[in-house]
Amino acid sequence: AMYTESAKKAGYGAAAMLGVGLVSPTAAFSNMFTTFALSGVIGYQVVWGVAHSLHSPLMAVTNAVSGMTAVGGMYTMGGGLVPSTLSETLGFTATAISAVNITGGFLVTKKMLDMFKRPTDPPEFYELYAYPTAGFIGGFGLINLGFPQAASIAATASALGCIGGIAGLASQSTARMGLVSGMSGVSIGIAATIGSLSWPASTYVQLAAALGGGGFAGYEIAKRVDPTSLPQTVAAFHSLVGLAAVFSAAADYLEHAAHSPEMLDGVRLTSIALASVIGGVTTTGSVIAFGKLNGNLSSAPLQLEQRDQINMAAGAGTVAMMGLLMTMGHSHPAAGMVALAGMGVLSGGLGLHMTASIGGADMPVVITVLNSYSGWALCAEGFMLDKPILTTVGALIGSSGAILTHIMCVAMNR
């Protein structure tokens, strides 16, 4: 029976792969799907066997890495010293709140790992790894001036660093090295993105304000968090990742609807819809999870009459709005805007209601689910912008978060 079930699963997988081959619209999509599939398998494998004591630090580091939504925001920025359009304002905001998540998330992870330190432990010098990271970024800055493929290679280095970050957090012996690897990967990813842009000098000043201001805010928030509040802080930071995905998707649609509607093909519109919906659920769900863990909201589950029907109606409405965007978004910008607004409201309401309907004792598992969602939203951004680094990191976070959810459910007998 075991072999029969395993063979069936293999058959389903083979059929699914053939199905993707049948519907793949372009070579670029096929290449991106390859990146997605391989990264998903890596994420699936790296967290098996994670120590129970590292569940929360692993959630925290994947949350910090998911701040790569900053890359999506950066590609939708513009306007000089200040944004000049709604799409550019959304891009700026997405970049800034992603920076809050990056610095805050990594500092929260460090605080969690510091709780395992003993007075008898030998001194550590992980700060030395800042030198090769800084050297790589500096070298990239030099060669990027005359070698156009340097940014792609830097993005690959970033993805490897992020993979190492999540894999390292699966074991106590490698956890701190994993934290350093994740920080290096995100830093290189931001640098690779900057190197691929062609902006006037004034827009780089705007970018510095977004990254610097957001990063400082994240550092100050995380610095003030006491050890007992670290898990709910991760939930709060999750909400920023979801919101950044929503803003980046909306900004990308507005920009292309206004200037290049011919680029709003099926893949792009589908990706915009998925990023908006998954990001909306992640945002409101994370806010409710934070409120329950932090004591701002009752930990008792919300039990509305016909709550299942409410969820089904909101889900059906969300799917309808997604269909409206994908069928009319390329030719009717007004309909596209209505669809984006509808998806945001309905998916946000769905995330709020579903999370509120779960008891506070199960919030740690809910946070891992939302962590996985943030990865899939980031993955959708990768397809939307045709940026493999976002697809790689997103699939890595999405699949590893899903496995961590399963591990925690087993550990908590859920």
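Thr62 lies in helix 3 (residues 55–65), where helices are DSSP runs of H or I with at least four residues, strands are runs of E with at least two, and both are numbered from the N terminus. Thr62 is buried, with a relative accessible area of 2%; buried means under 20%, exposed over 50% and partly exposed in between, using a 1.4 Å probe and protein chains only. Leaving aside neighbours within four places in sequence, Thr62 is in contact (heavy atoms within 4.5 Å) with Ile166, Asn371, Ile397 and Ser400.

This is a predicted model, in which local features need pLDDT of at least 70 and side-chain atom pairs count only at pLDDT 80 or more, while totals for chains, interfaces and linings use all residues. Residues are numbered from 1 along each chain as its sequence is written, and side-chain values use heavy atoms, with hydrogens and water left out.

**Confidence**
- The mean pLDDT of the chain is 90, and 100% of its residues reach 70 or more, where pLDDT is the predictor's confidence in each residue, from 0 to 100.
- Confidence is lowest in helix 2 (residues 27–46), at a mean of 86, and highest in helix 9 (residues 201–223), at 95.

**Helix 5 and helix 8**
- The axes of helix 5 (residues 86–114) and helix 8 (residues 175–196) come within 10 Å and cross at roughly 170°; axes are lines fitted to C-alpha atoms, for helices over the stretch in contact, and angles run from 0 to 180 degrees between N-to-C directions.
- Helix 5 and helix 8 are therefore roughly antiparallel to each other, a term for angles over 145 degrees, whereas under 35 counts as roughly parallel, 65 to 115 as roughly perpendicular and the rest as oblique.
- Residues of helix 5 in this contact include Phe106 and Leu113, and those of helix 8 include Leu179 and Met183.

**Cysteines**
- A search of the whole structure finds zero disulfides, a disulfide being a pair of cysteine sulfur atoms within 2.5 Å.
- Cys162 is buried at 0% relative accessibility, and its sulfur is 14 Å from the closest cysteine sulfur, in Cys379, which is too far for a bond.

**Positive phi in loops**
- Most residues other than glycine have a negative phi.
- Gln306, in the loop between helix 11 (266–294) and helix 12 (307–328), has a positive phi near 60° and is exposed, with a relative accessible area of 59%.
- Asp386, in the loop between helix 14 (363–385) and helix 15 (388–411), also has a positive phi near 60°, but Asp386 is partly exposed, at 45%.
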